[in-house]
Amino acid sequence: MVAGRVAAVVLLLPSALRHVRRFRQPPTPLAQAVAIAAGAALGLILCLWATRQQMLALAVVLASLYPAVPTVLGLAMLHERVSRGQVVGLVGAGTATILLALG
């Protein structure tokens, strides 16, 4: 994971530095981007920790729930409509995660 992040920075940094004036943003979006990056870093650290603690089954299940996160954010922030199938899927995924966490 670390190698992937380092490779991404190495590849993107020259282009970002070349176009630095176009990337200037007001403080609020910049702070939001930093918070998102910190959350992503925390997620990677916790995933690594889980694999070291032999909690790989739980880590894989939680990582597979990634598609649920944008769905829940869309519901909470954008007030999107959700179908019955989506509700069943989200509830099922949440239930499975809880059952796996309980052992």
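This is a predicted model: local features need pLDDT of at least 70, side-chain atom pairs count only at pLDDT 80 or more; totals for chains, interfaces and linings use all residues.
**Figure 1. The overall fold follows an α-α-α-α-α pattern.** That pattern is read along the sequence. The C-alpha atoms fill a box of roughly 50 × 40 × 20 Å, taken along the principal axes. The radius of gyration of the protein is 18 Å. A compact globule of 103 residues would come near 13 Å.

**Figure 2. The surface of the protein exposes about 8700 Å².** Carbon and sulfur atoms supply 72% of that area. Buried residues make up 6% of the 103. To count as buried, a residue must have under 20% relative accessible area.

**Figure 3. The largest pocket holds about 580 Å³ of space.** Its lining has 20 residues. Gly43, Leu44, Cys47, Leu62 and Ala63 are the closest of these to the pocket centre.

**Figure 4. Helix H2 gives the largest share of the lining of the largest pocket.** Eight lining residues come from H2. Which classes do the residues of the lining divide into? The lining of the largest pocket has 17 nonpolar residues, two polar and one charged. Gly counts as polar here, whereas Leu, Cys and Ala count as nonpolar.

Key:
Residues are numbered from 1 along each chain as its sequence is written. Side-chain values use heavy atoms; hydrogens and water are left out. Helices (H or I, at least four residues) and strands (E, at least two) are DSSP runs, numbered from the N terminus. The radius of gyration is taken over C-alpha atoms; the globule rule is 2.2 Å times the number of residues to the power 0.38. Buried means under 20% relative accessible area, exposed over 50%, partly exposed in between (1.4 Å probe, protein chains only). Accessible areas come from the Shrake-Rupley method with a 1.4 Å probe; for residues, only the protein chains shown count as cover. On a 1 Å grid over the protein atoms alone, a cavity is a set of points where a 1.4 Å probe fits but cannot get out, and a pocket is an open set with protein on both sides within 12 Å along at least five of seven lines; lining residues have an atom within 4 Å of a point. Grid points are joined across faces, edges and corners, and a volume is the space filled by probe spheres set on the points.
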